[in-house]
Amino acid sequence: MSLVVMVALLLVVLHGRSFVNAETDPSDASALRVMYSSLNSPGKLTKWSSSDGGDPCGESWKGITCSGNRVTEIQISGLGLSGSMGYQLTSLTSVTNFDISNNNLGNQIPYQLPPNVQRLNLAGNGFTGGLPYSISQMTSLQYLNVSHNQIQGELNDMFGSLSSLKTLDISFNSMTGKLPQSLQSLTSMKKIYLQNNQLTGNINVLADLPLDDLDLENNQFSGGIPEKLKGIIQKSNSNTGSSGPAAPSPPGAPPANKSAQSHKSGGKGSPSSGGGRSDSGEKSGISGGGIAGIVISVSVVGAVAAIFIIKKRRKKSSMDIEKLGVQPFALDSPEVQDIGLSQASSATSMKDSETPTAVSLTPPPINPHKSFGGDDISVKPIVRQKITRTAETKAVQYSIADLQVATDSFSVENLIGDGSIGSVYRAHFDNGKVLTVKKLYSSELRNPEGFVKMVHYISQLDHPNVTELVGYCSEDEQHLLVYEFHENGSLHDFLHQMDEDSMLLTWDSRLKIALGTARALEYLHEVCSPSLVHKNIKSENILLDADLNPHISDSGLANLMADVDQGLNHNIESGYGAPEAAMSGKCTTRSDVYSFGVVMLELFSGRKPFDSSRPRSAQSLVRWATPQLHDIDALEKMVDPSLNGLYTVKSLSRFADVIALCVKTEPEFRPPMSEVVQALVRLVQRANLSKRLYSNDQD
């Protein structure tokens, strides 16, 4: 063999090896391709592609750094990007630096983020809502910057596992409430920037942290400064009201005065690369005499934010409509002008009235507070409701005689159904009112003596989507509960036991039922204090009234019964139970989220959660459906055939995205119900817009 041939063969081998090494891990490449296709204006992402052959590492995609075949850094700050980041970011397990700051991504911070990230910079994107729970699971996180957004609500108690965190920047947002106790766990913390929010309470939880930089300016803290912090918090006169920091810059725009808004910890491209300094260049802080009496002036910030929100929504409205596959309004049309005015009013009063929480889909240019039937779908602030077991009951006490008369001595004609904990009867009272009586099996009661106390507890639940406990009876060792009556029965009956003459559930009605049920669970989990885990979410326990509004029944009953696991085991066997509940026998709020995801699958497919009459591979609804939830073609084959195609494919896809999150195998990756609610609110709004535009076209 000649020398020339040998050299040629060697070059071929070396070239082939180089090409193999350059190929990106398939899961990383897929996540970035999905991200690219989800962005509205990715033109500045040079070399990026949504095609299957796209190779981020081998083709040196802009902002992407690799080690071997794994993506380790994503730095795409300040590129004017809008849209969303896709749904596969959790598969980027080798990414340690994720910087998307100074873009126009807006809406809620996505729940799915690279799980092992060390530096996370989401600043300056116009994000609303709250911080996603997934951040609390990022145990490697060292730097977290979400400044210069529009984040609202309380700072959640989510820092217990973030002992590596060194820098926390939540400045220039609209966060409220007290500092959470879990901040005490941040044993590596050096820099905290909280300025320009609406935080309250004292700062004692920060006293023992090894801080060398702390900014608390322009909040509503009260109480004195802990002795250990007095050397860190420097004096500033910016709280006097005579002068203050400039309003935060709009997303995508650099700060008006970089030198004035730049702290030492800011990363490259961070729009808040240092919100910890005042206009004079000194560190902002509060006076050494204490924090009491600090007053925030937010009217200017609110007005600027309101104007920006209106302009931004008008600018993006045509994009949102185009994504629905319909023709947009002209931006100067009367319809859009009216919408803009209503949104301006809403935005201006936002801090005084409604404070939207987590949102995950772009709001379309419609009235954001009306659903298909005119029902209120506005996003209300979550205010904790203290539930005590000793409070005086709101429920009426009935006698056995009263209930015997109302149910015709619990006749078979009035029997609605039998469950694992009791029988349910229809009850007609003399005043013409119809109620439901649940006659509990006394042998199943955990503590008969505590029955009345538990009734007091349950009677305090107050939500339009939670079945109201009207009364009770505890007499002659019999225990009965009296609930409001819902004439359309259960969701299970509607989906699985209707005949040809029965009313079918439209896609709009299914969205409405999903949203109402989600709101009920959000109330039980995040409003009630302490949180109430239902433990038995299933379509049989979702009752429908005359307008097909959903009402969750049996809330709190799991705590009444002696054998709680009996109902739990039934839930698992019937296909609703979360995997961790099957292993540990314990339910949590995240287990309820899983069960709710199964109910959504029922609404989507019209199939039972477990059906032994089907082939083995299709008996479990979750196992059958999960691999197909991100396949558009498969979704149209999976959807309930009784819908007869009366839906939009995009609505199916977004609904399926929510399902996929709820039925995650790992409970920590399931979103809290507040985030589910916001996703469904936006889905309903988009569907409402599509319906409205279609109606206009027909006219």
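Visitor: What's the strand order in the open sheet of eight strands?

Guide: The order is E1-E2-E3-E5-E7-E9-E11-E13, with mixed pairing. Before we go on, this is a predicted model, where local features need pLDDT of at least 70, side-chain atom pairs count only at pLDDT 80 or more, and totals for chains, interfaces and linings use all residues. Residues are numbered from 1 along each chain as its sequence is written, and side-chain values use heavy atoms, with hydrogens and water left out.

Visitor: How do you define strands and pairing?

Guide: Strands (E, at least two residues) and helices (H or I, at least four) are DSSP runs, numbered from the N terminus. Two strands pair if DSSP finds at least two bridges between them.

Visitor: Which strands stand at the edges of that sheet?

Guide: Strand E1 (64-67) and strand E13 (213-215) do; each has a single partner strand, so one side of each has no neighbour in the sheet. On average, neighbouring strands here are turned by 15 degrees against each other, direction ignored.

Visitor: And how does E1 pair with E2?

Guide: E1 and strand E2 (residues 70-75) are antiparallel, over four bridges. Cysteine 66 has valine 71 in E2 as its bridge partner.

Visitor: Switching topic: is strand E21 mostly covered or uncovered?

Guide: Mostly covered: in E21 (residues 478-484), five of the seven residues are buried, meaning under 20% relative accessible area with a 1.4 Å probe, protein chains only.

Visitor: What does E21 pair with in the antiparallel sense over six bridges?

Guide: That's strand E20 (residues 469-475). E21 also runs antiparallel to strand E19 (residues 434-440), with five bridges joining them. Valine 482 in E21 is the bridge partner of valine 437, and of glycine 471 too.

Visitor: What about the hairpin of E20 and E21?

Guide: There are two residues between the strands, and aspartate 476 takes a positive phi near 50 degrees.

Visitor: Helices now. How do the axes of H8 and H14 cross?

Guide: Helix H8 (residues 507-527) and helix H14 (residues 649-662) have axes that come within 12 Å and cross at roughly 25 degrees. That makes H8 roughly parallel to H14, a label for angles under 35 degrees. Axes are lines fitted to C-alpha atoms over the stretch in contact, with angles from 0 to 180 degrees between N-to-C directions.

Visitor: Which residues meet there?

Guide: Trp507, Leu511 and Ala514 in H8 meet Ser651, Leu652 and Phe655 in H14, with contact meaning heavy atoms within 4.5 Å.

Key. Buried < 20%, exposed > 50% of the residue type's maximum accessible area, 1.4 Å probe, protein only. Parallel < 35°, antiparallel > 145°, perpendicular 65-115°, else oblique.
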